[in-house]
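Me: Please take a close look at any cavity in this model. Then cover the helix contacts.

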Amino acid sequence: MNYWLELSIEYANQRSYLDDLFRVYPTIPEGIREIDKSVWHNVSQAFEAEDNTALIKELLKFKLFPIKDSYVAYLRRDKGALLRNPATVQRLCGRLYEMRIDKIYDRVSEPKETNRQIGPMFKRWVKRALKPHLVDLRTLKATSGNAILEASDEEAGQFARENLGYTIDKGLDFVARFNGNYVIGEAKFLTDFGGHQNAQFEDAVRLFSEPNLKAIPISILDGVPYISSRNKLHKRIISTYKDCNIMSALVLREFLHQV
């Protein structure tokens, strides 16, 4: 088995893994979303007057719509559809009136879901934990020493496509160069099994199928796949991917310096 994968499994099962991982992924729920008072005033007035079109129009100004409905995204992108589709507007408003105004406020001001906060956390941790090595794209290209690219996922992916044989049409969470070797990777914190989490796992290991990389592919994986039990993700990492560089973020620094 790959040394870094084995080390990560041991870490998760024998040490204070979750306590330490909280430094990387401090999944503290955010406070309520900031609500524009003037927009909320308009919502309240439209609700009282049962002005359906105005009510939907104002609620669409918030990032979070108070009800889940497949047609809301369309209305966000085509405001004119509000006037052309009165039956749809009436249907949505019927649900809103049933909720009452205080419940609507609770919904539009809900904290962001923890899963939606996780994405940027890894990069914020890299900035704190590996700050001396951070460089921008121009510096990475102009130098040859140890470096970690500080850039957006899209910029990192574009650099890897142009220079490192990366062919996947998506960004990258991690691009680095240590001891003359480039390292590229995806970072995932899988909090449970099934559904979306399985898709995240597939995303994390897709790099290992790239045929002509001029870089070392890694999967910076944390969470339930390291639980030594009869779960499918654990079985896959110790069988299909047992020779791949899968590792916890908690051992990433050590890996980089031993590349």
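Reply: A search of the whole structure finds one cavity of 30 Å³ or more (on a 1 Å grid over the protein atoms alone, a set of points where a 1.4 Å probe fits but cannot get out). The model is predicted, with local features needing pLDDT of at least 70 and side-chain atom pairs pLDDT 80 or more, while totals for chains, interfaces and linings use all residues. Residues are numbered from 1 along each chain as its sequence is written, and side-chain values use heavy atoms, without hydrogens or water.

The largest cavity has a volume of about 40 Å³ (the space filled by probe spheres set on the points). Its lining (residues with an atom within 4 Å of a point) consists of Y166, I168, K170, G171, L172, E186, D203, R206 and L207. By class, that lining has four nonpolar, one polar and four charged residues; Gly counts as polar, Tyr as nonpolar.

Now the helices (DSSP runs of H or I, at least four residues). Helix α3 (residues 37-49) and helix α8 (residues 101-108) have axes that come within 11 Å and cross at roughly 150°. That makes α3 roughly antiparallel to α8 (angles over 145 degrees). The crossing of α3 past α8 is right-handed. In α3, W40, V43, S44 and F47 meet I101, I104, Y105 and V108 of α8 (heavy atoms within 4.5 Å). This contact has seven nonpolar, one polar and no charged residues.

Helix α4 (residues 52-59) meets helix α7 (residues 86-99) at another angle: the axes come within 9 Å and cross at roughly 75°. The two are therefore roughly perpendicular (65 to 115 degrees). From α4, the contact takes N52, T53, L55, I56 and L59; from α7, V89, Q90, L92, C93, L96 and Y97. The α4 and α7 contact residues divide into eight nonpolar, three polar and no charged.

Note on methods. Axes fitted to C-alpha atoms, helices over the stretch in contact; angles between N-to-C directions. Parallel < 35°, antiparallel > 145°, perpendicular 65-115°, else oblique. Left-handed = near helix turned anticlockwise from the far one by under 90°. 1 Å grid on protein atoms, 1.4 Å probe; cavity = no way out; pocket = protein on both sides within 12 Å on 5 of 7 lines; lining within 4 Å.
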